[in-house]
Amino acid sequence: MKLTGIHHLTAVTANAKGNHDFYTQALGMRLVKKTVNQDDVSAYHLFYGDGRASPGSDITFFDWPVGRERRGTHSVVHTALRVTGEKTLAWWKERLDAHRIDNSGIVERDGRLWIDFEDPEGQRLGLVDDGGRGDPSHAWERSPVPAEHQIRGLGPITLSVPTIERTALVLTAGMDMRAARDYRRGESPVHVFEMGEGGPAAELHVAVEPHLPPAQPGAGGVHHVAFRTPDDETYADAAQRLQAMRAPSSGPVDRYYFRSLYFREPNGILFEIATDGPGFATDEPMESLGERLALPPFLEPRRAEIEAGLKPL
């Protein structure tokens, strides 16, 4: 598979209004698409990204009326948001403190500087100094965060599994990732796998934690992680690879803004392969992304019904 990095990560919120306020105001990200879960139109699907909704910059949320996640293994346990430079991390430390957001302060882990914190529902996040690696970022001019300190994108993403062997085989032999290095986080060994050119935007970290119980989904948890594939040709190649591996998958799914392919790795964590395009400006002007409810064409005839079932943000 030709995977170039993290495409997006989709998590769960039970408070769409509070979620919107936190990610756009406290973190200064842009709401780049306000739409619905295409398989459950009673739920928002909110996408937050950089100023131009670049692939690899989006953390997204399904809005479901559920209780909190019970933490454990067999799950995505940490989502890093990339920024550049120690001065920027110091600026973020002051901002998090000013917003009364508990945080770790600046710590070193895996040879990089981080600040770990959580959103109001317990979503585990971190800011990481990416050293400027990855695609160029695009600032959002209406963000409360100055352009030089804005979040550039996602990565690395950390999974927790009870055993590494079968997951590592799928990542390397199945998905063409490279085993890069290992480190420890507390008592847990963490294995780093790279895609494309590598670097934080193109890394998956896998913590081995057999002592933990299986996670139970809920608000503050992660639904799935998506990986970038550049175009329809590489997307078709990925579908053929999964078929050759006899790996159960969704088959091709057209999400209108990108094409998707879903499957579970051996510990049950949901993966998605997603194309970079067509992108979120397909049905809205770039300058007004996220300002109205966007629906793909097949849902547009149900707009009145769908809007009636959603709470205003």
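A residue counts as buried when its relative accessible area is under 20%, and by that cut-off the buried residues of helix H1, which spans residues 16-26, are Ala16, Asn19, His20, Phe22, Tyr23, Thr24 and Ala26. The structure is a predicted model, and its protein chain comprises five helices and 16 strands. The radius of gyration is 18 Å, close to the 20 Å that the globule rule gives for 313 residues, so the chain is as compact as a globular protein of that length.

**Overall build**

- Taken along the principal axes, the C-alpha atoms of the protein chain fill a box of roughly 50 × 50 × 35 Å, and buried residues make up 58% of the 313 residues.
- Of the contacts in the protein chain with a separation of 6 or more, 68% are accounted for by residues 24 or more positions apart.
- The protein chain exposes about 13400 Å², and carbon and sulfur atoms supply 50% of that area.
- There are 35 positive and 45 negative side chains in the protein chain, and the centres of these two sets lie 2 Å apart.

**The open sheet**

- Eight strands form an open sheet with mixed pairing, and their order is S2-S3-S4-S1-S13-S16-S15-S14.
- Strand S2 (30-37) and strand S14 (253-254) stand at the edges with a single partner strand each, so one side of each is left without a neighbour in the sheet.
- Within this order, strand S15 (residues 258-264) and strand S16 (residues 270-278) run antiparallel and are joined by six bridges, with serine 260 having alanine 274 in S16 as its bridge partner.

- Leaving aside residues up to four places away in sequence, valine 32 touches Phe47, Tyr48, Gly49, Asp50, Ala53, Asp58, Phe280, Glu284, Leu289 and Gly290.
- Valine 32 and alanine 226 are separated by 194 residues in sequence, while their C-alpha atoms are 17 Å apart in space.

**Strand S5 and its partners**

- Strand S5 (residues 75-83) has nine of its nine residues buried, so this strand is largely enclosed by the rest of the structure.
- Strand S9 (residues 153-161) runs antiparallel to S5 and is joined to it by six bridges, and in this pairing threonine 79 stands opposite isoleucine 157 in S9.
- Strand S8 (residues 124-129) pairs with S5 in the parallel sense over five bridges, where alanine 80 has glycine 126 in S8 as its bridge partner.

- In helix H3 (residues 165-174), the buried residues are Thr167, Ala168, Val170, Leu171 and Gly174.
- The cover over these buried residues of H3 includes S9, strand S11 (188-194), strand S12 (203-208), helix H4 (232-244) and S16.

Notes:
Residues numbered from 1 in each chain as written. Predicted model: local features only at pLDDT ≥ 70, side-chain atom pairs only at ≥ 80, totals over all residues. Heavy atoms only, no water. Buried < 20%, exposed > 50% of the residue type's maximum accessible area, 1.4 Å probe, protein only. Helix = DSSP H or I, 4+ residues; strand = E, 2+ residues; numbered from the N terminus. Rg over C-alpha atoms; globule rule 2.2 N^0.38 Å. Contact = heavy atoms within 4.5 Å. Areas by Shrake-Rupley, 256 points an atom, 1.4 Å probe, with all protein chains shown as cover. Lys, Arg positive; Asp, Glu negative; His and termini not counted. Charge placed at Lys NZ, Arg CZ, Asp CG, Glu CD. Pairing = 2+ DSSP bridges.
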